[in-house]
Amino acid sequence: MDESDDDNEEVEEKEVKTPTKSGGRGRGGRGSGAGPAASAGRGRGGGRGGFMNFGERKDPPHKGEKEVPEGAPECLAGLTFVISGTLDSLEREEAEDLIKRHGGRVTGSVSKKTNFLLADEDIGGKKSAKAKELGTKFLTEDELFDMIRKSKPAKAPVKEDLTKKHEEKANKSHMKSSPMKVKVEDDQPGTARKTPVKSAPSNVSLSKRKAQIGEGSSLTWTEKYRPKVPNDLIGNPSIVKQLHDWLAHWHEHFLHNGQKGKGKRQNDSGLKKAVLLSGTPGIGKSTSAKLISQMLGFEAIEVNASDSRGKADNKIFKGVSGSTSNSIKELISNEILSSSKKWSEHKKTVLIMDEVDGMSAGDRGGVADLISSIKVSKVPIICICNDRYSQKLKSLVSYCLPLNFRKPTKQQMAKRLMQIATAEGLQVNNITLEELADRVNGDMRMAINQLHYMSLSHSIINYDDIRARLLSSAKDEDISPFAAVDKLFGFNGGKLRMDERIDLSMSDPDLVPLIIQENYINYRPVSAGKDENGVKRLNLLAQTAESIADGDIVNVQIRRYRQWQLSQAGSLASCIIPAALMHGNREMLEQGGPNYNRFGGWLGKNSTMGKNLRLLEDAHVHILASQASNIDRVTLRIDYFTLLLKQLTEPLRVMPKDTAVQKVVEFMNAYSLSQEDFDTIMELSKFKTHPNPLEGIQPTLKAALTREYKEASKTRVVRAPDLINLPGIKKAPKKRIAAILEPVDAVDSGLPEENGNGLVESDEENSSEADEISGEAEPKLDLQSDKSKGIQVQLDLKTDGKSKAKKAPANKSRASGSSEKGGQSSGRGGKRKR
Amino acid sequence: MLWVDKYRPRTLDKVIVHDDIASNLKKLVSEQDCPHLLFYGPPGSGKKTLIMALLKQMFGPGAEKVKMENKAWKIDAGSRTIELELTTLSSTHHVELNPSDAGFQDRYIVQEIIKEMAKNRPIDTKGKKGFKVLVLNEVDKLSREAQHSLRRTMEKYSASCRLILCCNSSSKVTEAVRSRCLNIRVNAPTNDQIVKVLEFIGKKEGLQLPAGFAARIANHSNRSLRRAVLAFETCKVQQYPFTVDQGIPPLDWEQYVSEIASDIINEQSPKRLFLVRGKLYELLVNCIPPQIILKKLLSELLKKLDSELKHEICHWAAYYEHRMCLGQKAIFHIEAFVAKFMSIYKGFLIATFG
């Protein structure tokens, strides 16, 4: 309560003026199903009805203006509410809190059990339609306040009234035109809260409680109330049943199949020799396993992470015990021995492998060994893990019957917790326990521990206690980066404590800053307050952006110079300060699309950039190889691209087809550009608002260009080795090798002056040999003869081994290059295939 | 072939723009030896051209016969071996490479390649040139460590190898390295010089140049000869014969940056910031270096800015550019600059016009 009061003050300071209230909230829009309540509309609120806005929930128009009443703690008990649309003064979370504090229940969607639909304006939508259909009462915020306020002076009767005849009650409260701002004596919230709970669902006398504490206090509650029979298990009944059936029939299926002559039943896909129970901690996996084995008369042998479970020696597997043996193997082999001796009444055993996902650390080869154990095992094996999709367990999963435990619902948990509370003589109501169940995130063990702890200081536990306690000591759940960002940027992000913020931003120190960076623009900051022309918001944006940039600089220090002590400073700069500045409501900046945080775009863009840089480098290398130009990569992109693009596309637009294609191919040849480079240039010249560089060029022309280029590649002067198409090999050799391969005829006719004296000689030598080779249909890759040629394959490498490895592809390419002059038969065949 | 490559002077004699430097260089190498050289100057001023012409002057046509290879080095660095790959252009007389491509491991490249060259000294039959030349591009992008190690090796192996360094800004090259070289500043050509070159090309290609057309291109090129020649040819591809008022097509990315600038000037809002981010991403993805984007963006913004604000905005641009060099994710810093600009500009607009 104190908290929300603070909040109200905060907001009130900032919200100086609210828009004038227009009369008539548009109740007419509400269906007749709303009954008399509808006709008695008091005409408050923003009058913004009819404006449909699904993506975004607006601020409450009179946020923080109204006094939030304080009523009897149980005045809404037994009532179920659904909140729809924007309320008049409360944020949705605040409203939920208010209802829960007073014992009510809030659900997400309208059902038969729903008593009220809390809505200040009828925004249409699914909830109100359903409510009308079911005849659910509509309730405005003011009416809710009235209900709560009423409860205060006359606690018990109101309560009764509400639980039994809530409809009439609601109507009554409608009829009365309640004053808008009743000053509830709110000075001592403490006293208000202390009003005794009249009808806590289980009222146990204190004496009984004391007696119980006296006898069983030595045990922790988790042990004391550990389920003793399968029916005590909470949730997952079908899985427990499945486990039971599997274990009960295990021996018939796997041990006696040979004798009964049924053939191999193991082929049956449904039958696995082991099960894998998975689920989050504290939901009763181990308990179920133990309980069921116990019930079926198995002796459970539990092996967990504290036992050595590494890969056993092969010899031990054969039955020789040794120092490196592990318990699993022993257990299995023992079982084999015992069954062969036919001890009639030997106890059946079951092996429970707990925490199999923790097996990698000290247990080398543990999972593989476990699999082999499963294959030969004569006892059932139950494996338990937390995350079934863990990489480590990938191989194991296929040998096991996977059973996935789900978290019990909060109702289920609350029921069990209530039993415990009753048994311990603790006064607590259902809603409170549900809240507890909610807070611990499905972890039953945790919930019981919390309850136990709280019972030491209180004998009555109410909603606020749970809230106050668990807000701070909430379970360290695995929080996704998105959830973390949601919390940081959320409307109440300003109320988080520093350590909470650090925890949130550290939940994934790489991703959270990226998501924050991606989304910070979308938030309408609370701290901007009233901001007529948006200057404040822009100032905040600038500050935030600078802080994010700071974070990047710190990150460089951390990563490049290993200054890990800066990691907190990094998360402060990249997450916490931006969130502190910008937290508020999210709004959409572009039409359409969902209104939730996007994934950080930087990663994707960065990888695209990397790819494009690689492509550009390829094109750059080709241009360098052509010897036409000697430029660096940046210059190529910045200065050359515009003209290159023009040269490559303009002829296709204006000239007749054949000459255009001819011209472009000539140009490409002059710069050793390949088809891929052509595409690269097109791709890198694309801008969203600019016309596509290929616009206005017929696809047929493009196709003709490809054809022409392929055709010309027969006689092309190949300069870059990765441009050579090898007949047999589809991909170009992975490593680029130095090679300038020039067919002799091309040298003679076209480019005589380009050849240095030395090279001409060597090429001349080659030509005779190459001609011989080209006579054959299949180019022979004779490395010996190739080595003798004076091809420009100079590999000034430090190590000899490497140079040999590299020479091989070069020779191949040489051979194919020479074959291209001649028959080209194989080369063309290869191309046609594509 | 593009004109810019076609009419690139291949020898020192044919150099038009920096003929004074060319003649000096010629004298320099006509005597047997040559010191280490450091060429610096803005892009498009002709550094590379001069270097290539110089090499040809030194070694004859053999220097033009280059081959490209992807060299791999294995470097013993104490406990571990580092494997590096780098594309080099080399002839029998020289090796050219971009050591900054190796990123933060550029130090090893610099050390290793010089040692290697020193090891296999070229044996010239005539016994004329006992050294090889190593051309290092983008020396200003070398890390500090690499420059330090360069200093040592430059002296130690100076008998067998000469370095020609090439960079845009000499201020990013350490004092120690600069003092070991003969510094040659290659100025950006003046507009008149550019016009001269353009007219020369026009004559060779047999084109009709309307009066003042070459001057306009020169003006537009921002004193980069390369850009001027490229723009000239772009004009030719786009429309020939030339008309007097023919527009000079802008570079695709420059056009985009100026669109961004007008986006920013026209509206300052979170929504617009978001839009601008998308466009900046596009530029980055299209391999435009972030420094260049920021610089161009600033100059475009300054064009449309009130003179009162210019100083402040320049300050912030410099501030964020510096931080961009320190950081890694360029977009964050450019975006921060844009946000800062928006906030300042909006505040200014409201203060001025209410």
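In which hand does α24(A) pass α26(A)? In this predicted model, the crossing of the two helices is left-handed. Helix α24 of chain A spans residues 511-519 and helix α26 of chain A spans residues 567-582; the two pack with their axes 9 Å apart, at an angle of about 40°. This angle makes α24(A) oblique to α26(A). On the side of α24(A), the contact involves A:Val512, A:Pro513 and A:Ile516, which meet A:Ser574, A:Cys575 and A:Pro578 of α26(A). Sorted by class, the residues joining α24(A) to α26(A) comprise five nonpolar and one polar, with no charged residues.

Helix α13 (residues 307-326) of chain B and helix α14 (residues 330-353) of chain B cross at roughly 165°, and their axes come within 9 Å. Because angles over 145 degrees count as roughly antiparallel, α13(B) and α14(B) are assigned to that class. The crossing of α13(B) and α14(B) is right-handed. From α13(B), the contact draws on B:Glu308, B:Leu309, B:Glu312, B:Ile313, B:Trp316, B:Ala317, B:Tyr320, B:Arg323 and B:Met324. The partners contributed by α14(B) include B:Ala330, B:His333, B:Phe337, B:Lys340, B:Phe341 and B:Phe348. Of the residues in the contact of α13(B) with α14(B), 14 are nonpolar, one is polar and four are charged.

The interface between the chains was then considered. The size of an interface is often given as the accessible area lost when the parts come together. Chain A and chain B bury about 7,500 Å² between them, and carbon and sulfur atoms account for 58% of this area. The contact takes 82 residues from chain A and 79 residues from chain B.

Side chains of opposite charge can pair when their charged atoms come close. Five salt bridges are counted between chain A and chain B. A:Arg637 forms a salt bridge with B:Asp252, in which the closest N and O atoms are 3.5 Å apart.

Over all chains, the search of the whole structure finds 34 salt bridges. Within chain A, A:Glu617 and A:Arg633 form a salt bridge, with 3.1 Å between the closest N and O atoms. This pair links distant parts of the chain, its members being 16 residues apart. A:Glu617 lies in helix α27 (residues 601-626) of chain A, whereas A:Arg633 lies in helix α28 (residues 633-654) of chain A.

Notes: Residues are numbered from 1 along each chain as its sequence is written. Chains are lettered from A and ligands numbered from 1 in the order in which they are written. This is a predicted model: local features need pLDDT of at least 70, side-chain atom pairs count only at pLDDT 80 or more; totals for chains, interfaces and linings use all residues. Side-chain values use heavy atoms; hydrogens and water are left out. Axes are lines fitted to C-alpha atoms, for helices over the stretch in contact, and angles run from 0 to 180 degrees between N-to-C directions. Helices (H or I, at least four residues) and strands (E, at least two) are DSSP runs, numbered from the N terminus. Angles under 35 degrees count as roughly parallel, over 145 as roughly antiparallel, 65 to 115 as roughly perpendicular and the rest as oblique. A crossing is left-handed if the near helix is turned anticlockwise from the far one by less than a right angle, and right-handed if clockwise. Contact means heavy atoms within 4.5 Å. Ala, Val, Leu, Ile, Met, Phe, Trp, Tyr, Cys and Pro count as nonpolar, Asp, Glu, Lys and Arg as charged, and the others, Gly among them, as polar. Buried area is the accessible area (1.4 Å probe) that two parts lose on being put together, summed over both. A salt bridge is a side-chain nitrogen of Lys or Arg within 4 Å of a carboxyl oxygen of Asp or Glu.
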